[in-house]
Amino acid sequence: MLGSRTDLHIFDAGSVNGTRYCNEILLPYVRLFRGAMGLQFLLMNDNAPCHHTVPAEQLLESEDIERMDWSAQSPNLNPIEHVWDFLGRRSAARTLPPVTIRELRLALQDEWAAMPQQLIDTLILSMDRRCETCLAVRGDHIPY
């Protein structure tokens, strides 16, 4: 979100299903943000399968959390994709790149903590421009 972020959440081994998504993301993070932000809160997620399961849909409805409509094939519009790219590049460029899961986890947490909040804010604030550009090219690829 603008001006702030949580600690990086890294899922332990295994698939992320609707129940895990609810228990590890929606309940501890999203619900708290919704409570703090009030009615102006709008959840943006991509269309990962776990985001559209019955448990996730039911939880969002019960918590009165509105979700942004989102195109299924739109990674260049979603700011989080650029954050993941940044983290991946920074982790790989380390003097000693991570080679184990534990090292990767630590590298990602370090890089997340070192990532300038201004980068995240800039990506979020670019959403209007990204969407306008996408509409102008009728959904074709945009240079972001």
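# Chatting through a helical model

Biologist: Leaving aside its neighbours within four places in sequence, which residues is E63 in contact with?

Modeller: Once those neighbours are set aside, E63 is in contact with R31 and R34. Keep in mind that this is a predicted model.

Biologist: Where is E63 found?

Modeller: E63 sits in the loop between α2, which covers 54–62, and α3, which covers 79–92.

Biologist: And does E63 count as buried, partly exposed or exposed?

Modeller: E63 has 26% relative accessibility, so E63 counts as partly exposed.

Biologist: How far is E63 from R90, going by C-alpha atoms?

Modeller: Their C-alpha atoms are separated by 36 Å. Along the chain, E63 and R90 are 27 residues apart.

Biologist: OK, zooming out. How many helices and strands does the protein have?

Modeller: There are six helices and zero strands. Reading from the N terminus, the elements go α-α-α-α-α-α.

Biologist: What box do the C-alpha atoms fill?

Modeller: Taken along the principal axes, the box is roughly 45 × 40 × 25 Å.

Biologist: And what share of the residues count as buried?

Modeller: Of the protein's 144 residues, 31% count as buried. As for contacts between residues at least 6 apart in sequence, 64% of them join residues at least 24 apart.

Biologist: Back to α2. Which residues in α2 are buried?

Modeller: A56, L59 and L60 are buried in α2. Around the axis, they cover an arc of only 95 degrees, which puts them on the same side of α2.

Biologist: Which residues are exposed on the other side of α2?

Modeller: Over there, V54, Q58, E61 and S62 are exposed.

Biologist: So what covers the buried residues of α2?

Modeller: The cover includes α1, residues 18–37.

Biologist: Is D64 buried or exposed?

Modeller: D64 counts as exposed, because its relative accessibility is 53%.

Biologist: Let's switch to α3 and how α3 packs. At what angle do α3 and α5 pack?

Modeller: α3 and helix α5, residues 117–125, pack at about 150 degrees, and their axes are 9 Å apart. Angles over 145 degrees count as roughly antiparallel, so α3 and α5 are roughly antiparallel to each other.

Biologist: Is the crossing of α3 and α5 right-handed or left-handed?

Modeller: The crossing of α3 and α5 is right-handed.

Biologist: Which residues meet there, between α3 and α5?

Modeller: From α3 you have P79, H82, V83 and F86, and these meet L119, I120, L123 and I124 of α5. By class, that contact of α3 with α5 has seven nonpolar residues, one polar residue and no charged ones.

Biologist: How about α3 and α4, at what angle do their axes cross?

Modeller: The axes of α3 and helix α4, residues 101–114, cross at roughly 120 degrees and come within 9 Å. α3 passes α4 in a right-handed crossing.

Biologist: Which residues in α3 and α4 meet?

Modeller: V83, L87, R90 and S91 in α3 meet A107, L108, E111 and W112 in α4. The contact of α3 with α4 has five nonpolar, one polar and two charged residues by class.

Biologist: Now α5 by itself. Which residues in α5 are buried?

Modeller: The buried ones in α5 are Q117, I120, D121 and L123. They cover an arc of only 160 degrees around the axis, so they are on the same side of α5.

Biologist: And which residues are exposed on the other side of α5?

Modeller: Q118 and L125 are exposed on that other side.

Biologist: What covers the buried residues of α5?

Modeller: The cover includes α3, α4 and α6, with α6 covering 127–136.

Biologist: Last one: where is G139 found?

Modeller: G139 is in the segment after α6. At 53% relative accessibility, G139 counts as exposed. The C-alpha atoms of G139 and S71 are separated by 9.7 Å, while the two residues are 68 residues apart along the chain.

Terms used: Residues numbered from 1 in each chain as written. Predicted model: local features only at pLDDT ≥ 70, side-chain atom pairs only at ≥ 80, totals over all residues. Heavy atoms only, no water. Helix = DSSP H or I, 4+ residues; strand = E, 2+ residues; numbered from the N terminus. Buried < 20%, exposed > 50% of the residue type's maximum accessible area, 1.4 Å probe, protein only. Contact = heavy atoms within 4.5 Å. Axes fitted to C-alpha atoms, helices over the stretch in contact; angles between N-to-C directions. Parallel < 35°, antiparallel > 145°, perpendicular 65-115°, else oblique. Left-handed = near helix turned anticlockwise from the far one by under 90°. Nonpolar A, V, L, I, M, F, W, Y, C, P; charged D, E, K, R; others polar. Arc of directions from axis to C-beta.
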